[in-house]
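Here is a chain with a ligand to look at. Take a moment with the picture, then read on for a short tour.

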Amino acid sequence: MTLPKLSSVNLWLLACAVSLAAAGCHAPGKPGPGPEVPRPSQVLDFPTLYRENCAACHGENGKNGAAIALNNPVYLAIAGTANIEKITANGVPNTAMPPFAKSAGGSRSPPSFKAWNESGPSLLKFDW
Ligand code: HEC
C-alpha cells in the first residue's frame, strides 16, 4: 500500500481540523450555554483551587514555595485537618498568610479539608 503524499496544503487543512477539534464543539466566537469563566465558588477541583489560591506562596505541588511546604506527610499528620482548615479560614495574623473565609474578611465560604494521601502528591483536598 502506498500512502498518499501530503502536500503542504493538505498539511495546513489537517492542522485546521485538529485545532477545530481541540477547541471543542463550539464554533469559534460562538458563546457556550454558561458563562465562560465559572464563579470562584463553582470551582471545586482541588488542583485548580490550589493553583489559583495557594501555589504562589506554598509552591507548585505544595513544595519549594516561599511559605511552608504543605505537601509533607509528616506536617499533614501533625497539623491535622481541623487546624489546617482553621488556618486557611482565618489566616495567620501579622504574616503573609491571608484569611480565605468570608467571616474573616476573605472571599470564600468556609473550606472543609480532607487530607489526601492516596495516590499522587499528598496535598490537602478541600471544598469551598
Ligand atoms: C500570600 C501568600 C500566601 C498564600 C496565597 C497562602 N498562604 Fe498559607 N501561609 C503563608 C505564610 C507566609 C504562612 C506562614 C505563616 C506563619 O509564619 O505562621 C502560611 C501558613 C499556612 C498554613 C499553616 C502552616 C503551619 O504553620 O501549620 C497553612 C495550613 C496554609 N498556609 C495553607 C494555605 C492554603 C490552603 C492556601 C490557599 C488556599 C494558602 N495557605 C495560601 C502564605 C500564604
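The notes below go from the whole chain to its details.

## Before you start

What you see is a predicted model, so local features need a pLDDT of at least 70, side-chain atom pairs count only at pLDDT 80 or more, and totals for chains, interfaces and linings use all residues. Residues are numbered from 1 along each chain as its sequence is written.

## The chain as a whole

The chain has four helices and two strands, and along the sequence they come in the pattern α-α-α-α-β-β. Helices here are DSSP runs of H or I with at least four residues, strands are runs of E with at least two, and both are numbered from the N terminus.

How much of the chain is buried? Buried residues make up 12% of its 128 residues. A residue is called buried if 20 or more other C-beta atoms lie within 10 Å of its own, exposed if 12 or fewer, and partly exposed in between, with C-beta atoms placed from the backbone. As for contacts (C-beta atoms, placed from the backbone, within 7 Å), take those between residues at least 6 apart in sequence: 38% of them join residues at least 24 apart.

The predictor's confidence in each residue is its pLDDT, on a scale from 0 to 100. The chain averages 72, and 57% of the residues score at least 70. Confidence is lowest in helix 1 (residues 8–22), with a mean of 52, and highest in helix 3, at 93. Where pLDDT is low, the predicted coordinates should not be read in detail.

## Around the ligand

Which residues are closest to the ligand? They are C54, C57, A67, T95 and M97, out of 19 residues that surround the ligand. To count as near, a residue needs its C-beta atom, placed from the backbone, within 6 Å of the molecule. Helix 3 (55–58) and helix 4 (73–90) are the elements that give two or more residues to this shell. The largest share, four residues, comes from helix 4.

The shell divides into 15 nonpolar residues, four polar ones and no charged ones. In this scheme Ala, Val, Leu, Ile, Met, Phe, Trp, Tyr, Cys and Pro are nonpolar, Asp, Glu, Lys and Arg are charged, and the others, Gly among them, are polar.

Helix 2 covers residues 46–53, and its buried residues are L49, Y50 and N53. These sit on the same side of helix 2 because they cover an arc of only 95 degrees around the axis (the arc of the directions from the helix axis to the C-beta atoms). An α-helix has 3.6 residues a turn, so residues three or four places apart point the same way. On the other side of helix 2, T48 and E52 are exposed.

Why does Y50 count as buried? Because 21 other C-beta atoms lie within 10 Å of Y50. N53 is buried too, with 21 other C-beta atoms within 10 Å. N53 and F100 are 47 residues apart along the chain, yet their C-alpha atoms are separated by 9.1 Å. Y50 and N61 are eleven residues apart in sequence, with 8.5 Å from C-alpha to C-alpha.

## Two asparagines in a loop

N61 lies in the loop between helix 3 and helix 4, and N64 is found in the loop between helix 3 and helix 4 as well. N61 has a positive phi of about 60 degrees although it is not a glycine, and N64 likewise has a positive phi of about 60 degrees without being a glycine. N61 is partly exposed, because 18 other C-beta atoms lie within 10 Å. N64 has 10 C-beta neighbours inside 10 Å, so N64 counts as exposed.

## Helix 4 and what follows

Look for the bend in helix 4: about 85 degrees, at G80. That is the angle between axes fitted to the seven residues ending there and the seven starting there. The buried residues of helix 4 are L76, T88 and A89. Helix 4 is followed by G91, whose phi is positive, near 75 degrees.

Further on, A104 sits in the loop between helix 4 and strand 1 (112–116). A104 counts as partly exposed, with 16 C-beta neighbours inside 10 Å. Leaving aside residues up to four places away in sequence, A104 touches A89, N90, G91 and P99. The C-alpha atoms of A104 and N90, 14 residues apart along the chain, are separated by 5.6 Å.

How values were computed:
Two residues are in contact if their C-beta atoms, placed from the backbone, lie within 7 Å.
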